[in-house]
Structure formats: C-alpha cells, structure tokens
Amino acid sequence: GDAQDLVEIYDEIELIMKEYPSLFPEDSFQGKTKASIDILEDRDSFNQIAKKTEELASLAKIASKNNDMDALQQHHQNLFSTCKSCHSRFKD
C-alpha cells in the first residue's frame, strides 16, 4: 500500500544520505560539476547537513510505518527544507 511505498522511499533516502558525503572526493571537482568547491572548504558543515537529512529520512520512515500523518508531514517538510538549504549552500 501507500504507507509501504513511503517507507521504502524514505529508507532509500536514508541510505543515499549515509553514502552521500563519500561521493565528493577532493579530485572530483575538476571538469563539469554542479557541486560547489565550498564542500571542500567546509566539509564539516556538508557532512553535518547530510547526517541531519539522513536522520530526518529515518524519522519520516518511522512515521510512515506508524501511519502518523502529522509527524510524517512535519518530518517531510523538514527533510525538504534540509535538501533545499544544502543545495543553496553547496550547489553552484
């Protein structure tokens, strides 16, 4: 059902965000990339946002499992905001 689809989606986001910080090694900033060089200069902030996004995905996943729509809406909104703030900070 729909709840199970959501659980899987948030699970996927959680896994992606776990791996995400490792996807931007120092030598990956030459050539064509939309990733900002700021990632290298402020790696701690980048990793912190990735971790926060991973945690929000996990909370959204739990809310989906529990069919808690209020919590789900809140976590999803926070998740979306975190994505946007990271893009505005670390995407050229």
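Reply: The protein has four helices and zero strands, and along the sequence its pattern reads α-α-α-α. This is a predicted model. Its C-alpha trace spans about 45 × 20 × 20 Å along the principal axes. Three helices carry the packing described here: H1, residues 2-19, H3, residues 43-65, and H4, residues 69-90.

Two packed helices are described by the angle between their axes and the distance between the axes. Each pair is taken in turn on that basis.

Start with H1 and H3. Their axes come within 8 Å and cross at roughly 165°. An angle over 145 degrees counts as roughly antiparallel, so H1 is roughly antiparallel to H3. The crossing of H1 past H3 is left-handed. On the H1 side, the contact is made by Ala3, Leu6, Val7, Tyr10, Asp11, Ile13, Glu14, Met17 and Lys18. These meet Ala50, Thr53, Glu54, Ala57, Ser58, Ala60, Lys61, Ser64 and Lys65 of H3. By class, the contact of H1 with H3 holds nine nonpolar, three polar and six charged residues. Among the charged residues in the H1 part of this contact are Asp11, Glu14 and Lys18.

H3 also packs on H4. The axes of H3 and H4 come within 9 Å, with a crossing angle of roughly 160°. H3 is therefore roughly antiparallel to H4, and H3 passes H4 in a left-handed crossing. From H3, the residues in contact are Ser45, Phe46, Ile49, Lys52, Thr53, Leu56, Ala57, Leu59, Ala60, Ala63 and Ser64. From H4 they are Ala71, Leu72, His75, Asn78, Leu79, Thr82, Cys83, Cys86 and Phe90. The contact of H3 with H4 divides into 13 nonpolar, six polar and one charged residues.

The remaining pair is H1 and H4. Here the axes are 13 Å apart and the packing angle is about 35°. This crossing is left-handed too. Leu6, Tyr10 and Ile13 in H1 meet Leu72, His76 and Leu79 in H4. By class, the contact of H1 with H4 has five nonpolar, one polar and no charged residues.

The largest pocket holds about 230 Å³ of space. Its lining has 15 residues, and Tyr20, Phe46, Cys83, Cys86 and His87 lie nearest its centre. H1, H3 and H4 each supply at least two residues of the lining. By class, the lining consists of 12 nonpolar, two polar and one charged residues.

How values were computed. Residues numbered from 1 in each chain as written. Predicted model: local features only at pLDDT ≥ 70, side-chain atom pairs only at ≥ 80, totals over all residues. Heavy atoms only, no water. 1 Å grid on protein atoms, 1.4 Å probe; cavity = no way out; pocket = protein on both sides within 12 Å on 5 of 7 lines; lining within 4 Å. Points joined across faces, edges and corners; volume = space filled by probe spheres on them. Axes fitted to C-alpha atoms, helices over the stretch in contact; angles between N-to-C directions. Parallel < 35°, antiparallel > 145°, perpendicular 65-115°, else oblique. Left-handed = near helix turned anticlockwise from the far one by under 90°. Contact = heavy atoms within 4.5 Å.
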